[in-house]
Amino acid sequence: MTYGETLKIIRKNKGYSQQYLAKDILSQSSFSKFEHNQSDINFVAFHQLLERLNMTYNEFFFIHENFQRPPKAQLVKDFFSLPYNSKSELQKMLTSINDFLQHDEDFLVEDLRIVCLALLSLGKEHGMEEARKLVTPIWKRMSTLHNWYAIDFLLLNSILYVFPVDTALEISKNMIQRLKKYKQFEEVRLLKSSIQINISLLLIKNEQYAKALETLNQVLSQQLKSLPYALVAVCLYRKEICLQKLNPTTDKPYLTKALELAKIYEDDSLLNAITLEFEKYTNI
């Protein structure tokens, strides 16, 4: 199905005439030819038509793909939804990425392939050195860019842990600063919180527990009601790590709450991650 045919279906479902939709944008003749795949239209006209339909690009292409995300969009979404500590999920993603790249050349997907390889190498002997070697060219390229866009923030957020803590903290602070331009952009609403949560672990690794606690409290106070349950759980158990390192006690209320969240949602992967990370950083 062509874009024009998809537009025609949407127009008719809304009960709009060609004359109404094309008015002051295209001649009715040009619009009719576009709907019948007899000619193309320019981007400005397409944008104006979608605005008159009260429809976003994402929704239009979702409909165009038979109410599914386009293959690349789905691949990218799946990648950034991954639990990066799950080797099996990373391996599956790497297979999907390689399958995609066999048929399509794409710079972003190639970057995702490299990040997958880097994350998979962690835990191996000399794995951190290998991971840094893989992702350093990505960082060097992006560090020269005047502006970062939404996908750039997501990509950088996925490789923070590969760098030395001081470097990762500098990168993350730079990201937070640059994200200020995007504060009204809904698609990256949760990205700042995600970066701050990653910063908290970097601070914990650097034994800066008070700063990590301050960062986590800020996220919880500002975004608690809008965060996905998994990120709330991460905030809670990392808060408990900080409290235990600053003032050890036998009572661990925030860890208990995090574990309860994971159990409520029957998320065994999260439950395991909470247990392992808490034990690792508290030596309990």
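The structure is a predicted model, in which local features need pLDDT of at least 70 and side-chain atom pairs count only at pLDDT 80 or more, while totals for chains, interfaces and linings use all residues. Residues are numbered from 1 along each chain as its sequence is written, and side-chain values use heavy atoms, with hydrogens and water left out.

The protein chain contains 16 helices and 0 strands; these are DSSP runs numbered from the N terminus, with helices (H or I) of at least four residues and strands (E) of at least two. The C-alpha trace spans about 75 × 40 × 35 Å along its principal axes. The accessible surface of the chain is about 16,500 Å², and carbon and sulfur atoms contribute 51% of that area (Shrake-Rupley method, 1.4 Å probe; for residues, only the protein chains shown count as cover). Among contacts in the chain with a separation of 6 or more, 56% join residues 24 or more positions apart, a contact being heavy atoms within 4.5 Å.

Helix 6 (residues 71-80) and helix 10 (residues 150-159) have axes that come within 11 Å and cross at roughly 40°. Axes are lines fitted to C-alpha atoms, for helices over the stretch in contact, and angles run from 0 to 180 degrees between N-to-C directions. Helix 6 is therefore oblique to helix 10; angles under 35 degrees count as roughly parallel, over 145 as roughly antiparallel, 65 to 115 as roughly perpendicular and the rest as oblique. On the helix 6 side the contact is made by Val76, Phe79 and Phe80, and on the helix 10 side by Ile151, Leu154, Leu155 and Ser158. This contact has 6 nonpolar residues, 1 polar residue and no charged residues (Ala, Val, Leu, Ile, Met, Phe, Trp, Tyr, Cys and Pro are nonpolar; Asp, Glu, Lys and Arg are charged; the others, Gly among them, are polar).

The axes of helix 15 (residues 253-264) and helix 16 (residues 268-282) come within 8 Å and cross at roughly 160°, so the two helices are roughly antiparallel to each other. Leu255, Ala258, Leu259, Ala262 and Lys263 of helix 15 meet Leu270, Leu271, Ile274, Thr275 and Phe278 of helix 16. By class, the residues of this contact are 8 nonpolar, 1 polar and 1 charged.

Phe278 is also one of the residues touched by Gln244, which lies in helix 14 (residues 229-246). Gln244 is buried, with a relative accessible area of 7%. Not counting residues up to four places away in sequence, Gln244 touches Thr249, Asp251, Lys252, Phe278 and Thr282.

Technical notes:
Buried means under 20% relative accessible area, exposed over 50%, partly exposed in between (1.4 Å probe, protein chains only).
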